[in-house]
Amino acid sequence: MQIIPYPNRSEWPALLARPTQSMANIEKAVAPILEQVQKEGDAALRALALKFDKIDLTEIAMPPATVAAAEASLTEELKAAIRQAYANIRKFHETQYQPVQKIETMLGVTCWRRSVGIEKVGLYIPGGSAPLFSTVLMLGVPAQLAGCKEIVLCTPSDHPAILYAAQLVGVTKIFRIGGAQAIAAMAYGTESVPKVYKIFGPGNQYVTAAKMLLAKEGVAIDMPAGPSEVAVYADGSAVPAFVAADLLSQAEHGADSQVLLVSTDKKFLASVNITLSTQLEALPRKELARKAIENSKAILVEDEAEAIDLLNEYAAEHLILSVSNAEEICEKIINAGSIFLGNYTPESCGDYASGTNHTLPTNGHARAYSGVSLDSFVKKITVQHITPEGLKALGPTVEAMAEAESLHAHKRAVSLRLSSLK
């Protein structure tokens, strides 16, 4: 990794920029795919599968026999691991339930909020070289807890672990499609793929562009989630081998991933670089990881305060605090998707099985977005009930405000009722 000593704050935006292509160019490539799927439905899905994936997609739905055979083809060890992860994720997300609280804002005026599961949701699981069955759990568990009636899964992969996880979380339909065309199919609906009300899931920049373009048309999406990233803030109490392993665990996702290391200790950065090179050579996916590392940086800063400012400016998807006062620093972080404290909290645990959700905002979107949670799969419907006594108390306030806004019908809706109570 390139070590950059004491950069001026004016240099931070360039240093912290993600290695992304021009979004305008990506959207230009994606827009015709969306249009083709909208117009041609299943025929477009078959044509695009042949064009991009060189697959003759005779069956768009995942064959039931393939789904049924998934469990038997997995080892008991992996099935036990998936079930443990499922239990942990479910336990953490169950705590996010919010019971109905009826609030009497004034005498006779009662307001409350109901959480209602989104009826139809679409989950996207990328294909590529890594079968992300963990993402099925991360998206499917909160959808299941929310009570979503239809959970549609689109993935170009038929990996048995993906199909096994899909069964655990109650996925109702699975389709063998990927890329921007899968997002379009769930947004518009085709002869085979039902239209959903909200789309979830990570993907490359083309998938993200598809979601963002569809969001402009009114399709609900989880967030603009793109290539994975991690930032690590480490001091002399950190273990160089641990930090190097954490950096590589993100770098192996793909060449467009980014890792960032921040420290006040120059010798520590040098130590990490040495062990990073050694560990990299031992990785089966070393060529992907190497390309990501080439796009990544180790930044030497003056002090803790500057490190915190830089990390908040970066707004990492994953932030590892390998410092002696990790909890104290954590309270000063205002922009991050998920935070990992101390030397023995590898980001990998959050990716798989600690219980938190790994579908998180990337590319600086953690400044305004949260990761996926139970709330992502529900709608909050407000309810109010006013008694005659309550209207007598509240009515004059509403009449005065409506009059001041020159909305006389609003005022009359209250005044007529008040007159009937005299």
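A polar contact here is a pair of N or O atoms within 3.5 Å. Keep that in mind for one of the residues below; and note that this is a predicted model.

Let's start with the annotation. An unreviewed UniProt entry puts the feature "binding site" at Y124, Q181 and N204. These residues are spread over 81 residues of sequence, yet they cluster in space, with a largest C-alpha distance of 12.8 Å.

The lining is made up of 48 residues, and P126, G127, L132, G203 and H253 are the ones nearest the centre. Elements giving two or more residues to this lining are α3 (42–53), α6 (133–146), α8, α9, α10 (240–251), β12 (316–322) and α15 (347–352). The largest share, four residues, is from α15. Sorted by class, the lining holds 19 nonpolar, 22 polar and seven charged residues.

You'll find Q181 in helix α8, residues 179–188. With a relative accessible area of 5%, Q181 counts as buried, because the cut-off for that is under 20%. Setting aside neighbours within four places in sequence, Q181 is in contact with I33, V37, L45, L48, A49, F52 and D53.

N204 sits in the loop between β7 (198–200) and α9 (205–216). N204 is partly exposed, at 39% relative accessible area. Here's where the opening definition comes in: the N204 side chain reaches the backbone nitrogen of V207 at 2.9 Å, and the cut-off for a polar contact is 3.5 Å.

Technical notes:
Residues are numbered from 1 along each chain as its sequence is written. This is a predicted model: local features need pLDDT of at least 70, side-chain atom pairs count only at pLDDT 80 or more; totals for chains, interfaces and linings use all residues. Side-chain values use heavy atoms; hydrogens and water are left out. UniProt positions are given in the numbering used here, feature names are shortened, and annotations may be inferred rather than shown by experiment. Buried means under 20% relative accessible area, exposed over 50%, partly exposed in between (1.4 Å probe, protein chains only). Contact means heavy atoms within 4.5 Å. A polar contact is a pair of N or O atoms within 3.5 Å; within protein, one must be able to donate a hydrogen and the other to accept it, and residues adjacent in sequence count only if both atoms are side-chain atoms. On a 1 Å grid over the protein atoms alone, a cavity is a set of points where a 1.4 Å probe fits but cannot get out, and a pocket is an open set with protein on both sides within 12 Å along at least five of seven lines; lining residues have an atom within 4 Å of a point. Ala, Val, Leu, Ile, Met, Phe, Trp, Tyr, Cys and Pro count as nonpolar, Asp, Glu, Lys and Arg as charged, and the others, Gly among them, as polar.
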